[in-house]
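Dear colleague,

My notes on what was found in it follow directly after.

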Amino acid sequence: MSDDDAVDESKMDSGPNSDPDAGSGSDAAPDERDTGTDRHDETSKRDEFSRVVAAVRDRVDPDEAERERLQEVANRLATRAADAATDRCPDADVIRVGSTARDTWISGDRDIDIFVRFPPELDRETLEEYGLDVGHATLPEGHEEYAEHPYVTGTVDEFDIDVVPCFRLESATEIRSAVDRTPFHTQYLERRLDDALAADVRVAKQFLKGIGAYGSDLRTRGFSGYLTELLVWEYGGFRPLLAAAADWQPPVELDPEDHGRETFADPLVVIDPTDPERNVAAVCSPENVARLQHYAREFIEAPALAFFETDDPDPLTETELCEHLRARQTTPVAVRFDAPDLVADQLYPQLRKSRDGITQGLDDRGFDVFRTTTFADDTAVVFGELEVAERPAVERHDGPPVHVRAHAEGFYETYADDPTAYGPFIDGDRYVTEREREFTSARAFLESERLFDVGLGAHVETELESGYEVLVGDEVTVLLGEFGRELRAYFEPEP
């Protein structure tokens with residue numbers, strides 16, 4: 001870390017004077033003693049910050065042997081890909097992208113991304129055909145996967161390799177698919193990240209991994225590698241990034257090239273330097289932006305290696321779960337079904353939509369939802385707790401004020417001859433009726449066809465139609481075998 005990474009001391013809290021001699025006859029004025037103590041405390045924190053970061057760098061910086069091994073594999077495969085590409089299209093070329101190309105990769109990460117660029121005159125179908133041909137020629141043991149279009153992925157000498165076709169364009173604003181933008185990201189940052197900043201990027205990535213906020217997949221909704229690199233470059237290092245994040249007031253808006261043309265409603269907005277209409281941070285959830293703020297403050301105040309270490313908690317035991325349930329006195333409920341056969345980036349948005357729909361359905365019927373989550377493995381679960389799990393057989397239904405004649409008469413006539421309703425009667429200045437409640441328990445609603453009236457993800461709805469299980473109260477203990485860690489995270493939450 002360079003000395004330029006100093007924390008803005010005016011932004012840090014200072015504790016009370018802990019000098020045991022304070023007020024006992026010292027010639028120094030109280031303010032002077034406080035200032036000296038605070039200055040010493042802040043210097044100690046900066047020194048500890050630097051010591052911890054140096055220790056982290058020892059862990060995350062690839063050594064020379066690892067770099068040489070990666071470079072050898074990358075060069076060999078890039079040459080193989082280039083030969084195969086030009087055989088099919090003389091104007092094609094190959095470029096390495098991603099963190100290993102920008103020297104921002106963490107030791108042990110083994111991803112090599114090779115992009116095969118074809119001229120824009122090629123049609124999309126031919127690009128996909130050529131791209132798969134090149135991918136299989138480069139990775140004979142590889143297999144096909146699909147993002148916006150198919151590509152080939154495989155493993156060579158313990159490195160994970162992606163061979164991805166894209167169009168070679170003059171500007172990122174001309175892209176035909178998201179992958180066309182990636183080479184521009186690499187070219188932009190290669191010109192801006194020196195060795196010191198690249199080292200700070202590695203530390204920042206490990207910090208985000210440690211606090212559970214790294215990864216732009218739609219399960220995590222955290223900070224991508226590219227976003228992390230932009231933030232470190234924009235603020236000038238890891239230390240100033242944390243100092244800034246600790247004081248962010250969302251929405252935070254950064255525009256490195258001062259060329260943004262769109263307005264975004266996200267808590268963190270970082271205009272893509274290569275595309276003025278894109279927010280690089282769009283995928284970041286409000287929770288992960290807040291998580292970075294929380295842990296930035298914590299780390300600045302008390303630097304420690306623990307912030308950089310990922311946590312893999314033990315599964316919650318049945319005894320522990322039952323203790324939580326007794327202490328909380330809520331009613332846990334779960335809807336469990338076979339997980340749709342989707343990649344995570346398709347599955348989790350559908351699970352969240354279904355969770356929100358089911359939550360709204362429960363709330364609308366008076367089963368006050370306390371908190372919810374969702375998780376998936378072989379099966380998928382919408383899990384939550386209710387403040388109220390059972391309701392009376394009747395519910396109050398307020399009508400319009402009596403003086404609003406047309407609406408009031410309509411309401412009165414609707415319920416006047418209903419033998420199951422109490423009323424209508426007048427309460428204050430309006431008609432009221434007490435009518436039979438459709439569902440008196442949350443289980444009854446969740447097991448009914450009315451569950452399909454709420455907003456559900458399309459594939460989730462299909463799985464629910466094939467069958468699902470409703471668990472209430474202590475019945476949720478059957479989830480521990482598959483989701484013990486997720487349940488521990490739910491019942492023992494951290495920032």
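**Findings**

The largest cavity holds about 70 Å³ of space. The model in which it was found is a predicted one. In total, the structure contains three cavities of 30 Å³ or more. The largest is lined by 14 residues, and those closest to its centre are Val 333, Ile 358, Leu 362, Val 382 and Gly 384. Four elements, namely β8 (331–338), α11 (344–364), β9 (369–376) and β10, each contribute at least two residues to that lining.

On the surface, a patch of negative charge is formed by Asp 363, Asp 364, Asp 368 and Glu 387.

Turning to charge pairs, the count of salt bridges comes to 37. One of them joins the side chains of Asp 157 and Arg 76, with an N to O distance of 2.8 Å. Asp 157 sits in the loop between β4 (150–156) and β5 (159–167), while Arg 76 is part of helix α2 (residues 64–88), so this pair ties together parts that lie 81 residues apart in sequence.

Most peptide bonds are trans, and most residues other than glycine have a negative phi. Against that background, I would draw your attention to the following:

- The peptide bond from Pro 250 to Pro 251 is cis, its omega being near 0°. Pro 251 is placed in the loop between α8 (238–246) and β6 (252–254).
- Gly 423 and Pro 424 are likewise joined by a cis peptide bond, with omega at about 5°. Pro 424 is found within strand β12 (residues 422–427).
- Arg 221, a residue other than glycine, has a positive phi, near 55°. Arg 221 lies in the loop between α6 (195–210) and α7 (225–235).

With kind regards

Terms used:
Residues are numbered from 1 along each chain as its sequence is written. This is a predicted model: local features need pLDDT of at least 70, side-chain atom pairs count only at pLDDT 80 or more; totals for chains, interfaces and linings use all residues. Side-chain values use heavy atoms; hydrogens and water are left out. Patches are made of residues with over 30% relative accessible area and no salt bridge: like charges are joined within 9 Å, nonpolar side chains (Val, Leu, Ile, Met, Phe, Trp, Tyr) within 5 Å. Accessible areas come from the Shrake-Rupley method with a 1.4 Å probe; for residues, only the protein chains shown count as cover. A salt bridge is a side-chain nitrogen of Lys or Arg within 4 Å of a carboxyl oxygen of Asp or Glu. Lys and Arg count as positive and Asp and Glu as negative; His and the chain ends are not counted. The place of a charge is taken as NZ of Lys, CZ of Arg, CG of Asp or CD of Glu. On a 1 Å grid over the protein atoms alone, a cavity is a set of points where a 1.4 Å probe fits but cannot get out, and a pocket is an open set with protein on both sides within 12 Å along at least five of seven lines; lining residues have an atom within 4 Å of a point. Grid points are joined across faces, edges and corners, and a volume is the space filled by probe spheres set on the points.
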